[in-house]
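Please have the sequence and the model open while I talk.

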Amino acid sequence: MLESYVTPILMSYVYRYIKNLKPSDLQLSLWGGDVVLSKLELKLDVLEQELKLPFTFLSGHIHELRIHVPWTKLGSEPVVITINTMECILKLKDGVQDDHESCGSSSTNRSTTESAKAASKQRRIQQAAPDPDLPPGYVQSLIWRVINNVNIVINNLILKYVEDDIVLSVNITSAECYTVDEFWDRAFMDISATDLVLRKVINFSDCTVCLDKRNASGKIEFYQDPLLYKCSFRTRLHFTYDNLNSKMPSIIKIHTLVESLKLSITDQQLPMFIRIMQLGIALYYGEIGSFKDGENEDLVCHSKDVLGNISGSEDEMGHDIQYVSSESYGQPDDYQQQGWVSWAWSFVPAIVGSDDEEGDSVGTDDGMTMHQQKSAMVKDPIVSIGFYCTKATITFKLTEMQAESSYYSPQKVKSKEVICWEQEGTTVEVLMRGEPFFDCQIGFVGCQALCLKGIMGIKDFEENINRSDEEAYFFRCGENLSIKGMTYLTNSLFDYRSPENNGIHAEFILDEAAHKEMYTEIAGMQRFGAFYMDYLYTMESTSGKVSGNQPDVTSVKIEDFGSVQEMSTKGLIVGPLSLRLDSSAVHRIMKMIVCALEHEYEPYSKMKQDFVDGTKAMPSPEEVSALEEYIPTRITSFTILKCTVTIPMAEFNLLGHLLPVIMGQKSSSSFVHTTNLQPLRPLPCIQILVDKIVLEHSVPMYAEQLVQTVSSLSQPSDNLLHYCYAHCYLKIFGFQAVLSSLDVNGSYSLPASVVLPFSTAAYGKVLSLPKYWSKRSHVSMKECIFELPNLTIQATRAQTFLLQTIWQSWAYIGNVNSPVINEALVNEIFQPSGVKSKNPLPTLEGSIQNVELKYCSTSLVKCASGTMGSIKICAKAPGDGGKEKLIPLIQGPSDTRDLHSSKWLNESRKPESLLAPDLLAFTIQIPQHKDYSYSSGAVLLASVQGLTINIDPVLYTWLMYQPQKRSSRPMQQSGSVSLGTPVTRKKEDDVSIGSTPLAKQQSNQASEYASSPVKTKTVTESRPLSVPVKAMLSSSESCNKSPEERMKECIGIVWNAVKRLTLQVDQQRRQLLHSSHW
């Protein structure tokens, strides 16, 4: 009957994972249609063997297990397996890198396992003959249908992970897995020749994640707020088979969608959360949990887990069904090696044969060879894993202890929200096919961050402050879903336009070149808009040999480089963003950094000591040739588009409590009393705008093995030396800085340019494992190059005062006073649109061109050199008819050979050739060690070309400017108390009469003079020189003059006498060679 076929398959899993069951009682209960088992203990060793993770199970039990089998409707109703309250506790293995006995490869363990397989095979042949009343084809089809439609329900699933003082627990109230049709509705389905697809859905209800800290005795004294509280999500699984006889899917897609994800992290949870993230990274890169070298000999241990019965009956079934009797239930080491638990973790199956021919050859070397050849012929399935979140929020909270009213009552933890991160349209997609191809893409449509409540006693965003929501947001990037649409779900199982939801076979790009051509930065930004990351790992075997798992860097040998070509590339791009670093945002960010550093966790991977093996054999010419042809490299590219950073004046400054902790010191100072903050308006600020920032980084994938080999060569090539370095490139395009002001309406005034747009680039490289190169004095340890084609800065004296005020508000962190700013100063800088001043202020403009700096260090010396092509400083002052005049002040290089003659003043000079020498060139060399300096010495070379300086009265006018006193007042509401940094205050008798406001906004373009060719001569003109102040004053006016005004008067009188004199200083070319012994 059917019971003799279905019961062994169902019970094989029960006996595989559960201890101490009586087969006879269980079989009788199952034939009745229902089985109820209580207080079950899991076989922890079996779970550890199948998961193959660097974790060990401390405990695992099931409160109740129910199995319902509808024997009368087995072909139309599903078998339901219900687990009520399942709890497992895990921890990281002790000595994890050396503890993998569960997957050992010793001949004793292998022979024992093979003997058990042979004995079990013989019992199946003798005791489990098929029922002659049922045809084998019918039984095979029926069991396929039963397995494909099994429903699994888990109520109250509890998973805990403990490490040091960390307790991470996951509690899922309900999880249900069932089969669905093409519309993702619950149905009883089967695989047919016209539709070789199996679909399943898993619904998770009320998932809660907690992260708490335990004491030395293992007890949790204070429970923190849950990281995630009662979150529900659903998962869709899509399995595609090549044909009806396929034992595993060829394409597996597992996609999860979360509508709303609300995470909460307290200051005590933050270092523990970072610790968990570091654990995941360390596991991926093989820094912990790597296999021993001997274990690679075992094919089963080296391969990944087998796909379980959730997607079919691959292990239990094949073309020839094995009929298992009840006497073989208790064989956990049977050839049915894997199950749904392994599949749930690994996702990627590997074939472990189960045919009769393989069973006959078990225990012989030929059988193992056939097994390996058969496994190698099987094509790895394509696995696609996706996680999608419509809206996510992460809230950071600060906690404080609060005692109850009663003396004996325990203390409670009270939390306060201070910062929140909001994100829309999140996508995490993974595509892989065995070991040779792995791709991970992460992106989101939009994100923003805002301040909440108060920070460090400052109530800046409490409800009674009545600040607008727009002021709370200090970071924005990307767009919102209402504008962008549901592009983050493109080609997922939740996209109605995807091929799977339209009955079309999906195509996947599994080639490196085609992948890079398809998934470009432009395509990523079009789909997401805020952030896009593409991580691609490929491994190509040139000789048909694959050298193990890619994260396991310790097992890679130098001879494998020629047979396996690996490449790892990471591309990250951030869309247009806006960041405002005001006092509220900076203090919250710094507080998060302080909380993240408050821990005593040891790193998972410690830096190895550079032990140099002097007995290492020289590599063969074939190995060197293979290295010359290809060296595995990890390449990372990070790009930011259209970045705007605003730095306002600090409204309050308590960084003195935070910076010592970040710098490794302990702060003993106490916080100030709680007070309400009234914002300053108008609030001056600096805005930094950048068109594009590109950062590229490359490092050898297996640096230790590569450096050991290359350093052993007597004369390594430049190509091999290049790959022994970690390289970093930085490129900045369109960088500029402006001054602006934020008014009471939350809008910014017209900007005043300070740093005009420019571009720059920097390059650096660091030698990997320098201890191997200590005897190679010609090999550089570090190299840096900086290039600056052009830099132009312009500012009025009023703008420099405002810049100084902003700087002092952030730099002076010891005082707590109300910040004061001169309103007249702000009005002079930021003129309303269309308003002109009768007497605008002069502007100084400085420009340097063709700056190049280089630095290099070897094991013996440090060297630095640099050049500067030219320097130009001029003044832009108002002229006749409202036109702007350019007055040269400093210029170099200049041809000053005929400076002493009158002809030099009158002749017209044209720009020199661009091939003229640089204005400044220098080279300096310093020994690394004092003992070496006796034989080498220090060297300084310097070359300076002609430099012309013109002292003009406009420079005096620019320097002597002072803002007017009459408009100076604190920019705060009356009666408010504010914390901040004091700026310079002028007493009434110290304020001088200044100039009138500017007539117009400063130009965003460099002057024609500063933009002239690099190598020019000084241009002078005959013009009447204006007097900065009146030369003569009446006696009545001079009685009440301040000392500063008397100085102005004196200078004016002297200036009338010498105003026709032009003073120029000429410094001829000098070259200095300095050599000394230190």
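Let me begin with Ile67, which, when its neighbours within four places in sequence are left aside, is in contact with Met11, Val14, Leu30, Gly33, Asp34, Val35, Val80 and Ile81, where contact means heavy atoms within 4.5 Å. A second, separate core of 16 residues includes Val624, Leu706, Leu713 and Val779. As for the largest nonpolar core, it has 159 residues, and of these Leu65 and Ile67 touch the most other members. By a nonpolar core I mean a set of buried Ala, Val, Leu, Ile, Met, Phe, Trp, Tyr and Cys residues joined through side-chain atoms within 4.5 Å, and buried means under 20% relative accessible area, exposed over 50%, and partly exposed in between, with a 1.4 Å probe and protein chains only.

A word on the source: this is a predicted model, in which local features need pLDDT of at least 70 and side-chain atom pairs count only at pLDDT 80 or more, while totals for chains, interfaces and linings use all residues. Residues are numbered from 1 along each chain as its sequence is written, and side-chain values use heavy atoms, with hydrogens and water left out.

Now to helix 15, residues 583-597, where Ser583 lies; helices (H or I, at least four residues) and strands (E, at least two) are DSSP runs numbered from the N terminus. Helix 15 is mostly covered, with 11 of its 15 residues buried. Ser583 has 1% relative accessibility and so counts as buried, and beyond its neighbours within four places in sequence it is in contact with Met649, Ala650, Glu651, Phe652 and Trp810.

What does Arg588 pair with in a salt bridge? Its partner is Asp460, with the closest N and O atoms 2.9 Å apart, a salt bridge being a side-chain nitrogen of Lys or Arg within 4 Å of a carboxyl oxygen of Asp or Glu. Because Asp460 lies in strand 13 (residues 458-461) and Arg588 in helix 15, the pair ties together parts that are 128 residues apart in sequence. Asp460 is buried, with a relative accessible area of 0%, and Arg588 is buried, also with a value of 0%.

By the same rule, the count comes to 24 salt bridges. Another of them joins Glu845 and Lys876, whose closest N and O atoms are 3.5 Å apart. This pair links distant parts of the chain, with Glu845 in strand 25 (residues 843-857) and Lys876 in strand 26 (residues 861-878), 31 residues apart. Glu845 and Lys876 are both buried. There is also one network, in which salt bridges that share partners join Arg467, Glu471, Glu651 and Arg681.

I will finish with the strands, which pair if DSSP finds at least two bridges between them. Strand 14 (residues 473-478) and strand 17 (residues 577-580) run antiparallel, paired over 3 bridges, and Cys477 has Leu577 in strand 17 as its bridge partner. Strand 17 is also joined to strand 18 by 4 bridges, this time in the parallel sense, and there Leu579 has Val645 in strand 18 as its bridge partner.
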